[in-house]
Amino acid sequence: MQKENSMWSKLAFNRETMIKLFSLVSVIVISCVFCVMSPAFLSRRNLLNILKDLSPVLMLACGEAFVLMLGSIDLSTGCIASCAAVMLTVLLGKIGPAAYLVVLGYGVFAGLFNGVAHTYLQIPSFIATLSTQAIWQSCAYLLSGGQPLAMLPDIWPYVNWGKASFFECVPLLFVVAFLVLLAYTVISKYTGIGKTVFAVGSNERATWLMGQNVRLAKMLAFLMSGLGAAIAGIFFAVKLKSRIPTVGVQYNMLGIAAAVLGGVQMTGGRGSVFMTLLGALLITIIQNGMNVIGVDGLWQQIIFGALMLAAIFMNSDKDHKGLVVK
Amino acid sequence: MDKQVHTSRVGEEFAQEMKKQSQKERFMSLAPLIILLVLIVIFSVTAQGFFSINNFYNLLNQAAIPLVMSLGLTFVILMGSTDLSAEGLGGFIGSVVALMVLNSKNDMNLGAFAIPLVVLISIGVSMLSGLLHIKGKLPSFMVSYGVSSIMSGFAVLSYRGVPARIRDPLFTVMAQGNFLGIPYLTWIAIVTFVIAYILQNRTRFGSYVMAIGDNEAIAKNIGINIEWTKFKVFVWLGLCIGIVGVMGAVRVGQGDVGIGSDLVFPAITSVVVGGTSLSGGKGGVVHTLIGAFIVTVINNALVLLGVSPYIQQAVQGLIILGAVALSVPHGKNLIVK
Amino acid sequence: MLLLSGTGITLMEQENREAKKMEGYKMKRREKAAMLSIAACAMLVNAAPVMAESAEPLTIAVSMRSTTSEYHMQYVAGAELFAASLPEGTAEVQMLPCEGNDDKQINDINALIASKGDNMILFVDANNAPNITSIAEACEEAGVYWCAAWNAPEGILPTSYKYWVNFQSCDAVKQGYDIAVNLFESLPTPGEGKICVLEGMLANTANEDRMKGLNMALEEYPGIEVLDDQAGDWDTGKALNITENWLAKYGEDGIDGIWCACDDMAVGVVQALTAKNLNGKILSTGVDGTSAGIEMVENGELACTIANNGWLQAGYGCAYAYAAKTGVLDTETMDDLHRMFLTNGYLVSADTLADYKATFVDSQPEYDFTDLDYPIAGPMFEE
């Protein structure tokens, strides 16, 4: 009896680590392939690039992971990021560094807005966030006056921290992103409300019956997503040194892709916020690597899609025979 | 004697409650239609040119492609899945069909044969994507995203920057002509709608899809072949996307990957606004028809009202939020994802 | 790297051995399938055309918006023309399409710089003006010579950077102005009438400039009334829908002309007009000089379009950067005229059509890339 127990528990442990390891394996395999084809891929300079590019996507993904773990979806993250980027640029010129706080506050507000639409108005998250995506995109246009403009030199001192790096290959941007990721992981794994988010994703009715505050958990998830998007927007503004209202539009989907590649199940209840790091890393490496090794521009989308499919295939969890995959 | 009266009273109360519930449900299912009518009334009053024959003709034209797309997606959503591949696949089909008929770039001239050919290609790709989802147990959202990316890459490759302008007279006629006053493209949409209606309500396939969407585990237990049904849903989706790709090429007169852009999310919106539930099991093609019209009417009216392009998106978003808030079921114990 | 992968694989093997009992076999098969697919991708990538081998030939990078725009593909063709003019094997062209994503444009350029170091030159059509600042800094640091066309932020100029060889543009404001004036003069009553304005993508630098030109023209022609202004996102389908709605709103007699900001959208506009047999009666405009645009001018459906001549822009842009790299030019001693100039956009209208076709369509213009003065039509900034 005991022997069986330990065997079963060992297997359970193995399955979990399998999934985590697969993400790591995908990253390693793809990096190896790129490296073999062009040694410059792992040069210090390129590592710096990769980590810099990674940071905004990571922020979008870890916020999104919260919502995905609920079993819902947040499609507005890219546009919240655009609006945040524009807001930061406009406000830095007017109120200086306090602009950062205002933008973070905006992220919280946007997240709560999504949360209210979903929990109180009971609108499915897909539609609610699709609509808020449109609203925030319009706000971005209006705030920027329809003009993509560069940041004026007088506010450059406030954003020059974006250029700093350690050992010439780890940008400060990434360090900040990593710290935020850690904070998110702690919230999701070690706080009561974070664990409720997991529970709601696994079985909402059971969680509700047990007396947990489902509404609060949902609001928290969307809040984290909005906040993550706003941080991503800050990173965009600092990287690009400009306010371009359309900067985040492509990232609506990439944030979700990164979270899913990091092992978060779209049906909810499974996954780890920390692992979205691997998902975001995978996407960034694919995009960066394709340029480093010189893939023809016309083929890049095709190869990106194919690699994504391969990566999803490798990361999927096929052990649950009874699980319904939607 | 007392007990009997008591029981019958309880019975009456119960019957009344059920009646109220079913009335509520009927009202809820009519809500999208009411919303559509209200919107039409509001826009007729406020937007110049909305309430005119010309504009209704426009509406029919503009609703045709989104409607076919939504019909394809309806079955997917009724099952509880999502599919984003239309963007890349639709663009690919549109580009390829332009290259196959008489056009400005090459010597191919397959004429009307090109259409069933590309529709078959579309079904093929959709089947592959469906197989990955069904057999590989990968979430349909991500698979279709990957497929979309690949297909739009192929679309661009197929015409290398210079779109092929269609010269085939059949296509020109289809774009501009009409039959009994209704444009040809709209006829295609109507026919597709009728087929979809029959599929949903008169075939076993339709009821299986509803069952799977409602509760997959139970559906499996009563013996429905889930994988085969899902597969058929993807075939239908491929068919619709193929038709949409051809219609898009016809309308625009050239083969362009942009044919597929901005098709999927409005289509999903149409389906949901119409009252079909995203988790599956509720709704149907009639709902989708109403939803598609709501979305088209809003788009059309915003241009007629001269709303500034900067805030058009926000206005659309707000209206959709309102429409969906009104038409989804509300309840304390309801689980919404 | 190898250490990491070695560790990874050893860990995997251990797990595999332990889990072999139940799911182990399936896992291994799946893992193998995954490895195979990655290897297949690697082979596919190998087979994909234009893979710049590291180190040897010079890489000519062309960073532009999209592969779906005929005009942007002209850049690539122009760069290839230039590469062909050099001795065999000296240079290879690599395109970096950013698909409208500013972040990607900068990331892609950075990645290529990391890969090629200074063994490359760059031609950039910035997706939005502010991107130029980041690109300038990256190239300056890496010692990569480069040229830009079209968009640059105000106040940021090549003269402040050693490696930014030149900046050229057709004057987008002038273009918006020219096509507007041409349209106004082509109206049934020249200089008077009602028009609708179809912009491109909101908040896009090129679009904003063309709108400025249009507004300048409107000030000079008080007889023109603007009925409505919508954004078509440079998309043919959207332009079609918007035009249909306009025709319904204003009636077929209510519109005299449509100012349209690019050829791709003009295709949609003309499609909508053709459906009502109004093509040729209500004129539209376009910009870019795509083959579709030229055809429509020929058919009398388009009042005019402007061929920006992407071949010339990219070809000479690369020539300048190459000259600086090989020491033929020294950016420190170049005068302002050579560092910032305007190139000729060709206004193609019914009058100039025959000329244009003879030079650019029926034959490929021969460009002498050693004559660096050739493309200059005038200084960008009046002294």
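I looked up H2(B) and H12(B) and found them oblique to each other, because angles under 35 degrees count as roughly parallel, over 145 as roughly antiparallel, 65 to 115 as roughly perpendicular and the rest as oblique. The model is predicted: local features need pLDDT of at least 70, side-chain atom pairs count only at pLDDT 80 or more, and totals for chains, interfaces and linings use all residues. Residues are numbered from 1 along each chain as its sequence is written, with chains lettered from A and ligands numbered from 1 in the order in which they are written.

I noted that H2 (residues 53-78) and H12 (residues 285-304) of chain B pack at about 140°, their axes 9 Å apart. Axes are lines fitted to C-alpha atoms, for helices over the stretch in contact, and angles run from 0 to 180 degrees between N-to-C directions. Helices (H or I, at least four residues) and strands (E, at least two) are DSSP runs, numbered from the N terminus.

I listed the contacts (C-beta atoms, placed from the backbone, within 7 Å): among them, Leu59(B), Pro66(B) and Leu67(B) in H2(B), and Leu289(B), Phe293(B) and Val297(B) in H12(B).

I then turned to chain C, where an open sheet of 6 strands runs S7-S6-S8-S9-S10-S12 with mixed pairing; strands pair if DSSP finds at least two bridges between them. S7 (224-231) and S12 (346-349) of chain C are the edge strands, each with a single partner, so each has one side without a neighbour in the sheet. The twist averages 20° from one strand to the next.

I checked S6 (residues 193-199) and S8 (residues 257-260) of chain C, which pair in the parallel sense over 4 bridges. Cys196(C) stands opposite Ile258(C) in S8(C).

Conventions:
Contact = placed C-beta atoms within 7 Å.
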